[in-house]
Amino acid sequence: MKLPHGNRTPQELDALCPVFRDRILNELHAKVAVTQFDGELYLRLTAHSYVTADAIDRFAEQSIPTIVGWLRG
């Protein structure tokens, strides 16, 4: 998923990725990958076979607005 990042430079995004990944893990209890590619910020959620589509939908509905808010705030 492509995330908004304001006008951060690729170098700023590189520094943000691990910090942001850890915040998502610690505050939202989700293990995700946060990466920067070609000046864009991306979040990747991976799941095991036991994770249901409903669980992914709940994560998207509940967590994505929070994550976007952090980036804008």
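**Notebook: helices, sheet and core**

Contact is taken as heavy atoms within 4.5 Å. Axes are lines fitted to C-alpha atoms, for helices over the stretch in contact, with angles from 0 to 180 degrees between N-to-C directions. Helices (H or I, at least four residues) and strands (E, at least two) are DSSP runs, numbered from the N terminus.

The model is predicted; local features need pLDDT of at least 70, side-chain atom pairs count only at pLDDT 80 or more, and totals for chains, interfaces and linings use all residues. Residues are numbered from 1 along each chain as its sequence is written, and side-chain values use heavy atoms, with hydrogens and water left out.

I then looked up helix 2, which also lies across strand 1, strand 2 and strand 3, running at about 155 degrees to strand 3.

I recorded three strands in an open sheet, in the order 1-3-2, with antiparallel pairing. Strand 1 and strand 2 are at the edges with a single partner strand each, so one side of each has no neighbour in the sheet. Two strands count as paired if DSSP finds at least two bridges between them.

Strand 1 (residues 2-3) pairs with strand 3 over two bridges, and Leu 3 has Leu 41 as its bridge partner. Strand 2 pairs with strand 3 over six bridges. In this pairing I noted Ala 33 opposite Arg 44 and Val 34 bridged to Leu 43. The two strands form a hairpin with two residues between them, and Asp 38 in the turn has a positive phi of about 55 degrees.

**Core**

Of its 17 residues, Phe 20, Ile 24, Leu 41 and Ile 67 touch the most other members. Helix 1 (10-28), strand 2 (32-37), strand 3 (40-45) and helix 2 (53-72) each give two or more residues. Helix 2 supplies the largest share, six residues.

For Ile 24, leaving aside neighbours within four places in sequence, I listed contacts with His 29, Ala 30, Val 32, Val 34, Leu 43, Ile 67 and Trp 70.

**Ser 63**

Last, I checked Ser 63 in helix 2. Ser 63 is buried at a relative accessible area of 8%; buried means under 20%, exposed over 50%, and partly exposed in between (1.4 Å probe, protein chains only). Not counting residues up to four places away in sequence, Ser 63 touches Leu 28 and Arg 58.

Technical notes. A nonpolar core is a set of buried Ala, Val, Leu, Ile, Met, Phe, Trp, Tyr and Cys residues joined through side-chain atoms within 4.5 Å.
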